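Colleague: I would like to learn how to read the packing of a model from its atoms. Could you take me through it, giving the general idea before each case?

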Amino acid sequence: MGLALEEARKALDRGEVPVGAVFLWGGRVLSRAHNLRETLRDPLAHAECLALREASRKLGRWRLERGAMVVTLEPCPMCMGALIQARVPLLVYGASDPKAGAAGTLLDLSDDPRMNHAVEVVRGVREEEAARLLRTFFSRRRGSRAG
């Protein structure tokens with residue numbers, strides 16, 4: 001989670017929503033990313049999707065059934081869907097997302113029997129640090145609109 005928090009700080013420094021993700025394969029870091037939606041002008045450039053794409057590229061495969069995703073914020077439905085489609089068995093996340101969390105907070109795609117794959121979820125790892133980065137971002141954003 002420490003590396004994911006580093007990635008989230010990079011996003012914050014770029015003016016992006018501070019979410020960082022690290023994809024592990026066989027216990028080692030295979031890819032890491034942070035949100036780049038604003039930078040790339042791409043609605044799909046969430047940290048998790050970027051980390052999955054890079055991991056798949058490095059492995060030369062789309063099935064990531066021996067990997068684990070570590071992310072600072074609970075994935076949205078798009079990212080949770082990507083984890084399911086990639087057959088990722090484990091998700092570890094920091095802060096819950098009451099507005100878009102799809103791993104148990106707003107909805108739970110991780111263990112929906114209608115899906116073709118289930119993802120084990122570990123919640124709340126270094127939650128306060130991840131939440132603090134998000135509060136900092138949104139506080140700055142509100143402050144820049146007040147003037």
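Colleague: Which residues touch the most other members of the largest nonpolar core?

Modeller: In soluble globular proteins, nonpolar side chains tend to be buried together. A nonpolar core is here a set of buried Ala, Val, Leu, Ile, Met, Phe, Trp, Tyr and Cys residues joined through side-chain atoms within 4.5 Å, where buried means under 20% relative accessible area, with a 1.4 Å probe and protein chains only. Of the 44 residues in the largest such core, Phe23, Leu52, Leu64, Met69, Met80 and Leu91 touch the most other members. Elements that each supply at least two residues of this core include helix 1, strand 1 (20-25), helix 3 (47-59) and helix 5 (127-146); helices (H or I, at least four residues) and strands (E, at least two) are DSSP runs, numbered from the N terminus. This is a predicted model, in which local features need pLDDT of at least 70 and side-chain atom pairs count only at pLDDT 80 or more, while totals for chains, interfaces and linings use all residues. Residues are numbered from 1 along each chain as its sequence is written, and side-chain values use heavy atoms, with hydrogens and water left out.

Colleague: What does Leu52 touch?

Modeller: Contact means heavy atoms within 4.5 Å. Not counting residues up to four places away in sequence, Leu52 touches Phe23, Leu64, Met69, Ala82, Leu83, Ala86 and Val88.

Colleague: Is His117 buried or exposed?

Modeller: His117 is buried, with a relative accessible area of 17%, and lies in the loop between strand 4 (90-95) and strand 5 (120-122). Its contacts, not counting residues up to four places away in sequence, include Leu83, Ile84 and Arg87.

Conventions
Buried < 20%, exposed > 50% of the residue type's maximum accessible area, 1.4 Å probe, protein only.
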